[in-house]
Each structure stands twice: as structure tokens, then as C-alpha cells.
Amino acid sequence: MTSDRFTDEDFLFLKEKIFQLAGITLTEKKKDLVKSRVQSFLRKSEIGSVDELKQELQNSNPAVIQKFVNLMTTNKTDFFRESKHFDYLIYELIPQWKKEKKTEIKIWCSASSTGEEPYTIAMVLLKHLPKNTSFKILATDIDTQVLRKAQNGVYPISKSSEIPEQYQPFLSKGKKNVEGWFKVADEIHSKISFKQHNLIENTYPGDELFEVIFCRNVLIYFERKTINTLMEKLHLSLKPHGHLFIGHSESISGTQHLFATIQPAVFRKASV
Ligand SMILES: C[S@@+](CC[C@H](N)C(=O)[O-])C[C@H]1O[C@@H](n2cnc3c(N)ncnc32)[C@H](O)[C@@H]1O
């Protein structure tokens, strides 16, 4: 039987671990949330207690580390979330790319969670880019569980209400034994590659450079120093004049020299 014990010392240990592994900062206010996530994990797991979990993490057991990271991330997301960014794509960037006669567009969605964000980008580009312009989206996240869901591309039908009417033809709604679910069309799915990537590591998900990077609603979990280092990495991953989108409640104020502010939460790479 799993014990319900969860001490301040347990919280401090796990808080330090998730900071080292993912850069996620947990304030004291998150103690109850962490406690309930850990206890529900232990009930379903072969690990019997918080002490055992701590021991496995201390021993750097890779499977336990990944489960712990998956447990500690917050994955809230929606289709067409913060829709101003998609308007910016349609009314500013796509016309500009048309003028420049670009034939291929590459986008990195760098904290893609369960996939709603990269699928939204793909729907918008497929609908609005000229037919002779191809595009590819790289969708990455640190959490392997959400990446599996994203790769699957199947969502409860209630989520289809987040998607405007003009994009509904990209959804295939389930019938009979899959009623209540929809699947994203293959022409959308095939534009996206899913890959695990940790934003705080000094590595790149590939050697490509991107026209746009979405890094939305993940900076809120990072401290300023982590954000500054990450911005240098994203700056290097953008093509000249490439754009960076962050969440509307987030800030990159420590790295003004790397990006010009275009409008709230929209930045353009500065050449430094
Ligand atoms: C709140 S969701 C945001 C999803 C989406 N970008 C949006 O705006 O709707 C935050 C995501 O960031 C991911 N994440 C947290 N730390 C990360 C890290 N160090 N590297 C990559 N992804 C991370 C989480 O797993 C989670 O899926």
C-alpha cells in the first residue's frame, strides 16, 4: 500500500530535481499539486513510496526520470490558442513570403504539448500559403507522453469547437465505435515531425534553421537566467529576419539585443 506521507523535504528534493532536468521552477504554492501528482503516480506505479521514487531519481534511472518529467510538466493547450499569432501569420508573414517568392517554409513548435498548436499552424499554412510553397513543421516537447498523443492526432469531439468553421474540413469525425472523437486529416498530419527535445539543453533538434519559432506558454515555468540562455539558442535557430512567438503573458526582456519587438509576443531576429 502507498503511504500518504509527503514532507517539506520531499517537496524540496523533487523541486530541485525538476529544475535540474527541465528548468521548471516550482514555488511553495505548488506543493499540494506536486503531492497529489506524485501520490496518484505512486498508486499506479511499481514504485511503492516517495522515498523509493527519490532513490530511483538519485540513481539516475532513465525510465523513472522520464516518467517523473512527464508527471511534473503542465500541458494545457488548445487549438487556435492566442489566435493573434495565427492572424499575424495570415496577414503579415504569408504575404511577405509571397513577395519574397519563398518556396519552402520551416517552422519549429518548441513546446508542442499534445499537438493542438502544431496542427493549428499546419491548418493555417495549408489553407493560406500559395500552393507552390511547401512547408514543414517540427514539433518538440520534453514530455514523451504528450508527444505520443500529439503523434496520434486524435481528440475528443468537444475540442473541435476550438477550430473555426473554415478549418473544419481538415477534421475527420469518428462514427460508430469511434464516435465522440475526431482525427486530424493526413494532409495536415504529414506536414509535422514529432521529436523529443529539452529546451534547456545545449543541443539543437536538428541542423535546420526556421522562418518562425513558436515558444509559447513554457517560458512562464523558467527563471530569467534560463530564458536568457534559451533565447540565444532560439536566435541561432532562426533564419535571418525569422520570427519568434512567445505567450502573451511571457517576457524576454533580458535579451532585447537579440530580437526586435514587432508587437506584443511577436519578435524578429536581429542580426548581432
Ligand atoms: C502549458 S504547455 C504549452 C503548450 C503550447 N505551447 C501552448 O501554448 O498551448 C507547456 C509545455 O512545455 C513543455 N515543457 C516544459 N519544460 C520543457 C523543456 N525544458 N523543454 C521542452 N518542453 C518543455 C511541457 O511538457 C508542456 O507540454
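What follows is a chat about a predicted model of one protein chain.

Visitor: What does the secondary structure of the protein chain come to?

Guide: In this predicted model, the protein chain comes to 9 helices and 10 strands. Its radius of gyration is 20 Å, close to the 19 Å that the globule rule gives for 272 residues, so the chain is as compact as a globular protein of that length.

Visitor: And what does the C-alpha trace span?

Guide: Along its principal axes, the C-alpha trace of the protein chain spans about 65 × 55 × 30 Å. Of the 272 residues, 48% count as buried, and among the contacts with a separation of 6 or more, 74% are between residues 24 or more positions apart.

Visitor: Let's pick a helix. Which residues of helix 3 are buried?

Guide: In helix 3, which covers residues 50-58, the buried residues are Val 50, Leu 53, Lys 54 and Leu 57. They cover an arc of only 100° around the axis, which puts them on the same side of helix 3.

Visitor: What covers them?

Guide: The cover over the buried residues of helix 3 includes helix 1 (8-22), helix 2 (31-44) and helix 4 (62-72). Just after helix 3 comes Ser 60, which takes a positive phi of about 55°.

Visitor: How about helix 7, which of its residues are buried?

Guide: Helix 7 runs over residues 144-152, and its buried residues are Val 146, Leu 147 and Ala 150. Seen down the axis of helix 7, these fall within an arc of 105°, so they line one face of the helix. What covers them includes helix 6 (116-128) together with strand 2 (134-141), strand 3 and strand 6 (192-196).

Visitor: Strand 3 came up there. In what order do the strands of its sheet go?

Guide: The sheet is an open one of 3 strands in the order 3-5-4, with antiparallel pairing. Strand 3 (154-156) and strand 4 (171-173) stand at the edges, where each has a single partner strand, so one side of each is left without a neighbour in the sheet. Direction ignored, neighbouring strands of this sheet are turned by 30° against each other on average.

Visitor: How many bridges join strand 4 to strand 5?

Guide: There are 3 bridges joining strand 4 to strand 5, which covers residues 181-184, and the two strands run antiparallel. As one case, Ser 172 has Lys 183 in strand 5 as its bridge partner.

Visitor: Changing topic, what is the count of disulfides?

Guide: The count comes to 0 disulfides. A disulfide is a covalent bond between the sulfur atoms of two cysteines.

Visitor: What is Lys 106 in contact with?

Guide: Leaving aside neighbours within four places in sequence, Lys 106 is in contact with Lys 136, Glu 208, Leu 209, Phe 210, Glu 211 and Val 212. Lys 106 and Leu 209 are 103 residues apart in sequence, while in space they are 7.4 Å apart, C-alpha to C-alpha.

Key:
Residues are numbered from 1 along each chain as its sequence is written. This is a predicted model: local features need pLDDT of at least 70, side-chain atom pairs count only at pLDDT 80 or more; totals for chains, interfaces and linings use all residues. Side-chain values use heavy atoms; hydrogens and water are left out. Buried means under 20% relative accessible area, exposed over 50%, partly exposed in between (1.4 Å probe, protein chains only). Helices (H or I, at least four residues) and strands (E, at least two) are DSSP runs, numbered from the N terminus. The arc is that of the directions from the helix axis to the C-beta atoms. Contact means heavy atoms within 4.5 Å. Two strands pair if DSSP finds at least two bridges between them. Axes are lines fitted to C-alpha atoms, for helices over the stretch in contact, and angles run from 0 to 180 degrees between N-to-C directions. A disulfide is a pair of cysteine sulfur atoms within 2.5 Å. The radius of gyration is taken over C-alpha atoms; the globule rule is 2.2 Å times the number of residues to the power 0.38.
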